[in-house]
Amino acid sequence: MRKDYAKFWADYFPIVIRRRKRWEKADPRRNPSTQICPLNRSQFQIWLRNCAPRGAPRVVNVPESVVEAIRLDLPRTFPNNQYLRSERVRNALGRVLYSLAQHVPSVGYCQGLNFVAGLILLVLKDESKASDLLVQIVRQRQDYYNESMSGLQRDTKVLQWILSKECPEVVRTLKALDVGLDLIIGKWFLCWFAEVLPLEVG
């Protein structure tokens, strides 16, 4: 399933860029290059409490295919954000994702995690803590990002059931259009809505 998602993301990325340009044209006052996700002090402390040390890496050498996937996704990560667009921070983001691949080799890297890592780095402004937090969170959700994506499939079925009870018209429409719910919500769930919602909403 992860290969299907990678293909979907490759086709979907140009749509993301076009949508961003439409938003900017519709509301010139929005400045996505400087937007951040503000957290109040208590929220910030909750994030930091989850930054348990990563411990020793499970593997030292990450497969070249994973390194290449990370490299390709770095410039795609919030490309309009001034902070994340700088070479220094982009390199830090690459190291955060590489560290994840070292500490959780069963996942390695999955497209979409770059947005999660980028948001964490944007908020914490600390590479080490961002790595700690990302590793801890992904360790708890490995079934979302492994080859089978069983966690994502499970939660998709749960949402499908809820929609069938609460919004049956939506289910009928998707079925008539032959559109799978997983293609719509996969990116939302894998990225924790970090890419599809404005950063100030996160």
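The side chain of Asn-81 reaches the backbone nitrogen of Leu-84 at 3.1 Å, and a polar atom of that side chain lies 3.0 Å from the backbone nitrogen of Tyr-83. The model is predicted, so local features need pLDDT of at least 70 and side-chain atom pairs count only at pLDDT 80 or more, while totals for chains, interfaces and linings use all residues. Residues are numbered from 1 along each chain as its sequence is written, and side-chain values use heavy atoms, with hydrogens and water left out.

Asn-81 is located in the loop between helix 3 (64-73) and helix 4 (82-85); helices are DSSP runs of H or I with at least four residues, numbered from the N terminus. Asn-81 counts as buried because its relative accessibility is 2%, where buried means under 20% relative accessible area and exposed over 50% (1.4 Å probe, protein chains only).

Within helix 3, the residues Val-66, Ile-70 and Asp-73 are buried. Viewed down the axis of helix 3, its buried residues fall within an arc of 70°, so they line one face of the helix; the arc is that of the directions from the helix axis to the C-beta atoms. Glu-64 and Ser-65, on the other side of helix 3, are exposed.

Technical notes: Helix = DSSP H or I, 4+ residues; strand = E, 2+ residues; numbered from the N terminus. Polar contact = N/O pair within 3.5 Å; in protein donor to acceptor, adjacent residues only side chain to side chain.
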